[in-house]
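Q: Could you take a close look with me at one part of this structure? I would like to see how its side chains sit and what they meet.

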Amino acid sequence: MKTVIIGGGLTGLAAAYKLGPQDEIILIEKEPELGGMASSYKICGYTIEKYYHHIFASDKELISLIEELGLGNRLEWLKGTTGYYFDGKIYPMNTPLEILKALPLMDVIRLTFLVLKARSIKDRTPFDEITAKKWILDTAGESVYNNFFLPLLSSKFGDNKEKVSAAWLLGRVQIRSNRGTKGERLGYMRGGFELLLEKMVENIRKTGGTIKQGQVSRIEMAGGSIKGVTLDGKLIECDRIISTVAPHVLEKLMETSLLGLDMNINYQGTACALFGLKEKIMDDIYWLNIKEDVPFGAVIEHTNFIPESDYGERLMYVTTYFQDPQSQLWRSSNEEVIELYLQGLEKLFPGFREKVKWWRLRRDMDTAPVYEVGYGKKVLPYETKIKGLYLAGMFSDSNYPERSMNGSILAGFKCAEAVLKQV
Ligand SMILES: Cc1cc2nc3c(=O)[nH]c(=O)nc-3n(C[C@H](O)[C@H](O)[C@H](O)COP(=O)(O)OP(=O)(O)OC[C@H]3O[C@@H](n4cnc5c(N)ncnc54)[C@H](O)[C@@H]3O)c2cc1C
C-alpha cells in the first residue's frame with residue numbers, strides 16, 4: 001500500500017517511521033528542512049532549535065523513541081531554573097523559599113492550595129467548560145491571579161488569555177509543579193533535537209521511504225475515497241493520505257465539510273528571536289517570565305541550561321505568541337521585529353545591544369492551537385469518514401491539553417496504528 005504523508009514535522013516523521021516497514025511511504029514537506037516547529041539552525045559547527053525546546057520526565061513516548069534510536073546517551077536531565085521579572089527586578093522562582101521572597105505570604109499559601117487542588121484532579125473533562133481565569137479566581141483569589149497567572153496567560157495567549165480553559169491550566173500545573181525543594185529538571189538532547197530528526201529520517205529511508213520537498217496543493221478524490229495529492233501540478237496517486245497540517249490549512253486542500261468535523265480550531269503564531277551573545281545576561285536563570293511593558297513574554301537564556309562550551313558562545317531566545325495576522329510581529333520585516341525586541345531588552349538589561357554578535361528570527365502562524373473553553377470537543381480523530389484519509393498533529397488527543405514533541409510523536413504513532421488496523 002502507498003501512503004502519502006503531508007507535513008514533515010514530528011507527527012509526519014513519527015507516522016512514516018512506524019509505517020515504513022509495512023508501507024511504501026512518500027512524505028512531503030513544504031519547507032527546505034524537515035522538523036516543522038522542532039527544526040534547527042545550523043550555526044558554525046553546531047545545531048540549535050529555531051524555537052527553544054526541552055522535555056519533561058512525563059514525555060514517555062518521546063523518551064523511549066530516543067532510546068530505541070540509540071540516542072539515549074544524548075538525553076540529559078538538567079536544572080531548568082526559572083524566574084520572574086517585575087518591578088524592575090529578577091526574582092528566581094525555583095524553590096519554595098525563593099517563591100516566598102517574590103510573592104506575599106498569603107499569595108504563596110493560596111498558590112500552594114491551588115497547586116495541590118490541581119494535582120488532585122484526575123478527570124479534567126469538566127474543566128474544559130470553564131475558563132482558567134474563573135477557576136483561578138474561585139480557587140486562589142484575585143491577587144494570585146493578577147500577580148502570578150495573568151502575566152503567564154498574557155505571554156502564552158495574548159488577547160485570548162481570558163478564553164483559555166481551566167483544563168489547559170490543570171494540565172500545565174500537573175506537569176510543571178513536581179519540582180521538589182531543589183527545582184525542576186528538564187530534559188535536553190546534547191547536540192540538539194536535530195539528532196532525533198536525523199535518525200528518524202535515516203530509518204524512514206532505510207525502509208524504502210521517499211521524502212520530497214514541495215507544497216501539496218490539493219487532495220484529490222474519486223468516488224468518495226482519496227485518489228492522491230497534487231504536488232507541483234502533478235498527481236501522486238496513493239491508497240492513503242495522512243494529513244498533519246492545521247485544520248484551516250487542510251480546508252485549502254480539500255472540501256473539509258465532507259469530514260463532518262468541527263474544523264474551527266484557532267491557532268496562534270510565534271515570533272522567536274535567537275541571539276548569539278558575547279557574554280552572559282542573567283545569573284543562572286534559564287527561563288524568565290516577564291511582567292513588564294515589553295513586546296515579548298519570556299526570555300530564555302539557553303546557555304544557562306546547556307553549557308556554553310557546547311556552542312562556544314552564549315545563546316538566548318526572546319519570544320512572543322501573537323494571535324492576529326495583522327500583528328506588528330507578523331507584518332513587520334525581520335529587522336523591525338528585532339529592533340522592537342532590542343528596545344525591550346535594553347529596558348530590562350541595559351547595554352544588551354552591545355553584547356549581540358548575531359541574531360536569527362523564526363516566525364510561524366500555526367505554532368499552537370488556542371486551548372479555548374470547549375476545545376476538548378474539537379480534538380480531531382485519526383480516522384475520518386473518507387476512506388483512506390487520516391489526520392494527526394497538534395490537534396490530536398495526544399496534544400491536549402498542551403501540544404508538545406511527545407504529543408506529536410504519539411499522534412504519529414497512534415495514526416499509524418489506526419492505518420494498520422484497516423489493513
Ligand atoms: C515556540 C515553540 C516552543 C516549543 N517548545 C516546546 C518544548 O519545549 N517542548 C516540546 O515538547 N514541544 C515544544 N514545542 C512544540 C513542538 O515543537 C510541536 O508540538 C511539534 O514539533 C509539532 O509537530 P507537528 O508535526 O505536529 O507540527 P509541525 O511541526 O507544524 O509540522 C507540520 C509540517 O507540515 C508542513 N506543511 C504545512 N502545509 C503543507 C503542505 N501544504 N504541504 C507540505 N507540507 C506542509 C509544515 O511546513 C510543517 O513542517 C514548541 C513549539 C513552539 C512553536
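A: Let's begin with Glu202, which is partly exposed because its relative accessible area is 37%; that term covers values between buried (under 20%) and exposed (over 50%), found with a 1.4 Å probe on protein chains only. The model is predicted, so local features need pLDDT of at least 70 and side-chain atom pairs count only at pLDDT 80 or more, while totals for chains, interfaces and linings use all residues. Residues are numbered from 1 along each chain as its sequence is written, and side-chain values use heavy atoms, leaving out hydrogens and water.

Glu202 has a partner: its side chain meets that of Lys199 in a salt bridge, at 3.5 Å from N to O. The term means a side-chain nitrogen of Lys or Arg within 4 Å of a carboxyl oxygen of Asp or Glu. Lys199 is also partly exposed, because its relative accessibility is 25%. Since Glu202 and Lys199 are three residues apart in helix 8, about one helical turn separates them. Helices here are DSSP runs (H or I) of at least four residues, and strands (E) of at least two, numbered from the N terminus.

Now look at what helix 8 packs against. Helix 8 (residues 194-206) and helix 1 (residues 10-19) have axes that come within 9 Å and cross at roughly 35 degrees. The axes are lines fitted to C-alpha atoms over the stretch in contact, with angles from 0 to 180 degrees between N-to-C directions. This crossing is left-handed, meaning that the near helix is turned anticlockwise from the far one by less than a right angle.

Which residues do the touching? From helix 1 come Leu10, Leu13, Ala14, Ala16 and Tyr17, and they meet Leu197, Met200, Val201, Asn203 and Ile204 of helix 8; contact means heavy atoms within 4.5 Å. Sorted by class, this contact has nine nonpolar residues, one polar and no charged ones. In that scheme Ala, Val, Leu, Ile, Met, Phe, Trp, Tyr, Cys and Pro are nonpolar, Asp, Glu, Lys and Arg are charged, and the others, Gly among them, are polar.

Another one joins Lys156 and Glu402, whose closest N and O atoms are 3.1 Å apart. Lys156 and Glu402 are both buried.
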